[in-house]
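Me: I've got a new model open. Please walk me through the fold, starting with how you count the elements.

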Amino acid sequence: MTVRAVLLDLDDTLYDHAATSRRATAATLATEPALVAAGLDAVQAENVRQLEELHHAVATGHGWVDDARIERWRRILVRFGGPPERATELAMVYRANYHRNESAVDGAVELVHALHARRVPLAIVSNNARDEQVGKLERLGLSACFAALVVSADHGIAKPDPRLFEVALREVGVAAAEAVHLGDAWENDVGGARAAGVRAVWFDRTGAPREVPPDVAVIRSLRPTGAVVRVLLDG
Ligand SMILES: [Mg+2]
């Protein structure tokens, strides 16, 4: 079957949220002695844990990303014995440093340009708020390459719900069997795509051992670009 559209996750598939977030946490932590004492590994682990807990409301359109960020830093401060009244200030420091330190996943920009050059319609399928994701694509210089940007908060449903993939398929005008989805999250990306009838390619960034069904291709890097393009377009 000829692939007529490529769906892509954004965070930690194209946009390196994990590295960007760790660098932003390091800069934020440096402003608060209680967090310096706790150390970067512990503070970042708590940041990731709280983000996972608070993100679903944002991703399904039931919360504001700025409020969630302040609440996250309030909880981090409480956890490590810092002053919770600094939460708003630290959230702003984190936000500024997140933008300042952001980066694409290695090979992501080249991959998107290579797919775009093949004239295959591309769609982002992402669990997040629109403004957040529009900004990331613009700052990475990739906005013009995408035919559709499907974000969960616009629809009140989040991956792995297959209906979010179905929105993307409608927007690019192809059937599920004619599309492929690339993403790093096993349940959200691989599980969600397969539930929608879309072939999944799993971007395994951490090398976690896992039983992978034969219909799921696995890549561990977005390089070399040509090899990843072949996995996506030629199955
Ligand atoms: Mg992801």
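Reply: Helices (H or I, at least four residues) and strands (E, at least two) are DSSP runs, numbered from the N terminus. This is a predicted model: local features need pLDDT of at least 70, side-chain atom pairs count only at pLDDT 80 or more, and totals for chains, interfaces and linings use all residues. Residue numbers start from 1 along each chain as its sequence is written.

Me: OK. What follows helix 9?

Reply: Gly173 does. Its phi is positive, near 70 degrees.

Me: And which residues of helix 9 are buried?

Reply: Helix 9 spans residues 162-172, and Leu164, Phe165, Val167, Ala168, Leu169 and Val172 are buried there. Buried means 20 or more other C-beta atoms within 10 Å of the residue's own, with C-beta atoms placed from the backbone.

Me: What do they pack against?

Reply: Strand 1 (5-8), strand 2 (122-126), strand 3 (148-151) and strand 4 (179-183), plus helix 8 (152-155) and helix 10 (186-195). Contact here means C-beta atoms, placed from the backbone, within 7 Å. Angles run from 0 to 180 degrees between N-to-C directions, with axes fitted to C-alpha atoms, for helices over the stretch in contact.

Me: Where does helix 10 lie?

Reply: Across strand 4 and strand 5 (199-203), at about 165 degrees to strand 5.

Me: Now the sheet. What's the strand order?

Reply: 3-2-1-4-5-6, an open sheet of six strands with parallel pairing. Two strands pair if DSSP finds at least two bridges between them. Strand 3 and strand 6 (217-219) are the edges, each pairing on one side only. Neighbours in this sheet are turned by 20 degrees on average, direction ignored.

Me: How many bridges join strand 2 and strand 3?

Reply: Four, in the parallel sense. Ile124 has Leu149 of strand 3 as its bridge partner. Strand 1 and strand 4 also pair in parallel over four bridges, and Leu8 stands opposite Leu182 in strand 4.

Me: Different topic. Which domains is the protein divided into?

Reply: Domain 1 (5-16 + 104-234) and domain 2 (17-100). The bounds come from an automatic or database domain assignment. Their centres, taken over C-alpha atoms, are 26 Å apart.

Me: How many residues are in contact between them?

Reply: 14 of domain 1 with 10 of domain 2. Helix 8 gives the largest share of the domain 1 side, three residues.

Conventions:
Buried ≥ 20, exposed ≤ 12 C-beta atoms within 10 Å, placed from the backbone. Contact = placed C-beta atoms within 7 Å.
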